[in-house]
Amino acid sequence: MTATASPGTGLGFAPDEVRRLVLDVANAGVPGVDSVVRYLPSQPGKGIRPRLTLLAAAAIAVDAPAPVAAAAGIELMHLGTLHHDDVVDESPERRGHPTAAALWGNRAAVFAGTFLLARGTELISGTGERAARAAAACAAELWRGQTRELVSAFRTDRTQETYLNVIECKTGALFGLAGLVGALAADAPAEVADALGRFGRTSGTAFQLADDLADLTSSPCSLGKAVSVDVRVGVYTLPVILALAAGGSAATRLRALLGVPGLDAAGAGEVRQIVAAAGGIDRSLVMLRGLQDRAHAELDVIADSWARDQLHDLVEGVADVV
């Protein structure tokens, strides 16, 4: 779908305002700490979550002021989770740069992530009581999703249901919050705000599934980061789960390769080949398309506009990495 222009809306410059506010708020005011706190906010990112907030508001009230503070709050929450993820995953790099944990240690990265999460929820709470409650609930969901993923590491009996629940919590929840608070900022009726929340949640779940697929289908050059990381750290995503569930010799060989730490590059490459041959990739793509269709359907409650077109485009764009 092709989005039309956005005349006179302010959205064209609002993303720049969001980035400036993110940097301004990422200021702990503690000597020697601000360099850690501002490290991730200073790096360019996709900005897909704050963009969702801006578009959700514009789809409700095209001439209303852009909810810059709410969008910045969403981005700060996201950046906070990245710090925590990097500590848990022991990641040396993110976005082509060393992680904060690699530069300053895990303790500094955890404190920076917690500060950014707290500042993000604080900004979002300015949208109103419902937004504040939703931000608090989202923070708890983010924790549950990441924790459930941790406790399922290296488990070859991980189920499709468990996997989908995890990615809905750890990624879908924040996308859902982005859509909801954008709608609330524009004074959307409750049922419309709920629909945009569901739109975001489903889009975010699709986004994470697409990212997990890319880890098994893309090259480091095209993806911009290392591939086959998930299987090597024991995170068995949907394509692997489906290949294991298919049974037969392919599943037997996968179980022999998986289940314990220490999988090398050659083994990870073999896993990629087996999963593809067993239909894990193709079946996951079908599920991805289903999530995208569900997200598109949630926008039926919104009047046709350039902003709704761009929300549809956002859903389609989640699969670009696969």
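Reader: Is A266 buried or exposed?
Author: In this predicted model, A266 is exposed, because its relative accessible area is 61%, above the 50% cut-off for that class. The residue belongs to helix α14, which covers residues 265-277.

Reader: And how far is A266 from P92 in space?
Author: The C-alpha atoms of A266 and P92 are 21 Å apart, while the two residues are separated by 174 positions in sequence.

Reader: Switching to charges: how many salt bridges does a search of the whole structure find?
Author: The search finds 14 salt bridges.

Reader: How accessible are R130 and D194?
Author: R130 counts as partly exposed at 32% relative accessibility, and D194 is also partly exposed, with a value of 29%.

Reader: What about D16 and R19, where do they sit relative to each other?
Author: They are three residues apart in helix α1 (residues 14-25), which means that about one helical turn separates D16 from R19. Their side chains meet in a salt bridge with an N to O distance of 2.1 Å, and D16 is partly exposed at a relative accessible area of 33%.

Reader: Then D304 and R308: which is buried and which is exposed?
Author: R308 is buried, with a relative accessible area of 17%, whereas D304 counts as exposed at 60% relative accessibility.

Reader: Which residues are linked in a network of salt bridges?
Author: E141, E168 and R201 are linked in such a network.

Reader: Back to helices. How do the axes of α7 and α8 cross?
Author: The axes of α7 and α8, the latter being residues 160-185, come within 7 Å and cross at roughly 165°. The two helices are therefore roughly antiparallel to each other, since angles over 145 degrees fall in that class, and their crossing is left-handed.

Reader: Which residues form the nonpolar patch on the surface?
Author: V88, L150 and V151 form that patch, and together they have about 260 Å² of accessible area. L150 is part of helix α7, which runs over residues 129-151, and at 45% relative accessibility L150 counts as partly exposed.

Methods. Residues are numbered from 1 along each chain as its sequence is written. This is a predicted model: local features need pLDDT of at least 70, side-chain atom pairs count only at pLDDT 80 or more; totals for chains, interfaces and linings use all residues. Side-chain values use heavy atoms; hydrogens and water are left out. Patches are made of residues with over 30% relative accessible area and no salt bridge: like charges are joined within 9 Å, nonpolar side chains (Val, Leu, Ile, Met, Phe, Trp, Tyr) within 5 Å. Accessible areas come from the Shrake-Rupley method with a 1.4 Å probe; for residues, only the protein chains shown count as cover. A salt bridge is a side-chain nitrogen of Lys or Arg within 4 Å of a carboxyl oxygen of Asp or Glu. Helices (H or I, at least four residues) and strands (E, at least two) are DSSP runs, numbered from the N terminus. Buried means under 20% relative accessible area, exposed over 50%, partly exposed in between (1.4 Å probe, protein chains only). Axes are lines fitted to C-alpha atoms, for helices over the stretch in contact, and angles run from 0 to 180 degrees between N-to-C directions. Angles under 35 degrees count as roughly parallel, over 145 as roughly antiparallel, 65 to 115 as roughly perpendicular and the rest as oblique. A crossing is left-handed if the near helix is turned anticlockwise from the far one by less than a right angle, and right-handed if clockwise.
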